Amino acid sequence: MSRPGDYRLAVAVDAATRGGTAAPAPPAGTTATIKLRPPGAPAPLLPRPRLRAILDDVHRRRLTSVVAGAGFGKSTLLAAWATDLNCAWYTVSSDDLSLATFAHGVADALRLRVPALPVDAANAVKAGAGPGSGEDDAGRGRGFAALICEILQSELRRDLVLVLDDVHEIAPAA
């Protein structure tokens with residue numbers, strides 16, 4: 001695992017779009033609903049205009065990583081920011097050390113925003129489907145990512161942000 005107090009949150013971004021809507025009801029998938037929703041904002045919420053301005057600029061990048069110590073408000077900041085976006089949210093846990101579990105969770109999170117995403121898309125990690133797939137986890141992961149990207153490319157009509165919260169839960173041991 002990661003070092004104590006070293007928490008990371010990754011935001012995968014493809015040109016974020018303003019004007020998001022409330023997340024639809026969760027799909028009939030295998031992922032716990034709590035992992036597919038951002039955390040609720042505490043009351044009162046501390047305004048962080050400088051950090052929000054930085055986040056508003058992430059649409060220029062494909063990947064943005066928010067890194068700070070435990071309790072600094074990374075998840076809260078991103079949850080508040082994501083309310084204005086077309087955003088899929090997935091909270092990573094130690095269960096996601098299994099590629100199949102991680103793939104199903106990400107697919108379920110994306111399906112909330114892209115209902116046309118096939119329910120069995122995550123099965124690509126079992127079958128090694130998709131370009132670049134192979135017999136090892138890395139190859140199957142690349143195949144899954146390629147398949148998801150292909151589906152999103154054909155189905156998305158507006159930009160989508162994917163937030164992966166608590167990524168440190170699956171970081172390799174130091």
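This is a predicted model: local features need pLDDT of at least 70, side-chain atom pairs count only at pLDDT 80 or more; totals for chains, interfaces and linings use all residues.
**Entry 1: Asp96**

I started with Asp96, which I found in the loop between β3 and α3. Helices here are DSSP runs of H or I with at least four residues, strands are runs of E with at least two, and both are numbered from the N terminus. Is Asp96 buried or exposed? Asp96 is buried, with a relative accessible area of 3%; buried means under 20%, exposed over 50%, and partly exposed in between, with a 1.4 Å probe and protein chains only.

Next I looked up what Asp96 touches, taking contact as heavy atoms within 4.5 Å. Leaving aside neighbours within four places in sequence, its partners are Lys35, Tyr90, Thr91, Thr101, Phe102 and Ile170. I also noted Glu169, 73 residues from Asp96 in sequence, with 7.9 Å between their C-alpha atoms.

Residues are numbered from 1 along each chain as its sequence is written, and side-chain values use heavy atoms, with hydrogens and water left out.

I checked pLDDT, the predictor's confidence in each residue, from 0 to 100. The chain has a mean of 79, and 76% of its residues reach 70 or more. Which elements have the lowest and the highest mean pLDDT? Strand β1 (residues 7-14) has the lowest, 43, and strand β3 (residues 87-91) the highest, 95. Over residues 1-10 pLDDT stays under 50, and the model gives this stretch 40 contacts beyond four places in sequence.

**Entry 2: the overall layout**

I counted five helices and four strands in the protein chain. Along the sequence they follow the pattern β-α-β-α-β-α-α-α-β. Of the 174 residues, 37% count as buried. Among contacts with a separation of 6 or more, 75% join residues 24 or more positions apart.

**Entry 3: the nonpolar cores**

I then looked for nonpolar cores, meaning sets of buried Ala, Val, Leu, Ile, Met, Phe, Trp, Tyr and Cys residues joined through side-chain atoms within 4.5 Å. The largest has 24 residues, and those with the most contacts inside it are Tyr90, Val106, Leu110, Leu117, Phe144, Ile148 and Leu164. At least two residues each come from β3, α3 (99-111), α5 (137-155) and β4 (160-165). Which element gives the most to this core? It is α3, with seven residues.

A second, separate core has 13 residues, among them Val58, Leu78, Ala79 and Cys87.

**Entry 4: α3 beside α5**

I looked up how these two helices pack: the angle is about 10 degrees and the axes are 11 Å apart. That makes α3 roughly parallel to α5, a term for angles under 35 degrees. From α3 the contact uses Leu99, Ala103, Ala107 and Leu110, and from α5 it uses Asp137, Arg140, Gly141, Phe144, Ile148 and Leu152.

Why is α2 (residues 74-82) largely enclosed by the rest of the structure? Eight of its nine residues are buried, so the rest of the structure largely encloses α2. The buried ones include Leu77, Leu78 and Trp81.

My last stop was Ala41, in the loop between β1 and α1 (49-56). Ala41 is exposed, with a relative accessible area of 55%. Its C-alpha is 6.1 Å from that of Thr76, although 35 residues separate Ala41 and Thr76 in sequence.

Notes
Axes are lines fitted to C-alpha atoms, for helices over the stretch in contact, and angles run from 0 to 180 degrees between N-to-C directions. Angles under 35 degrees count as roughly parallel, over 145 as roughly antiparallel, 65 to 115 as roughly perpendicular and the rest as oblique.
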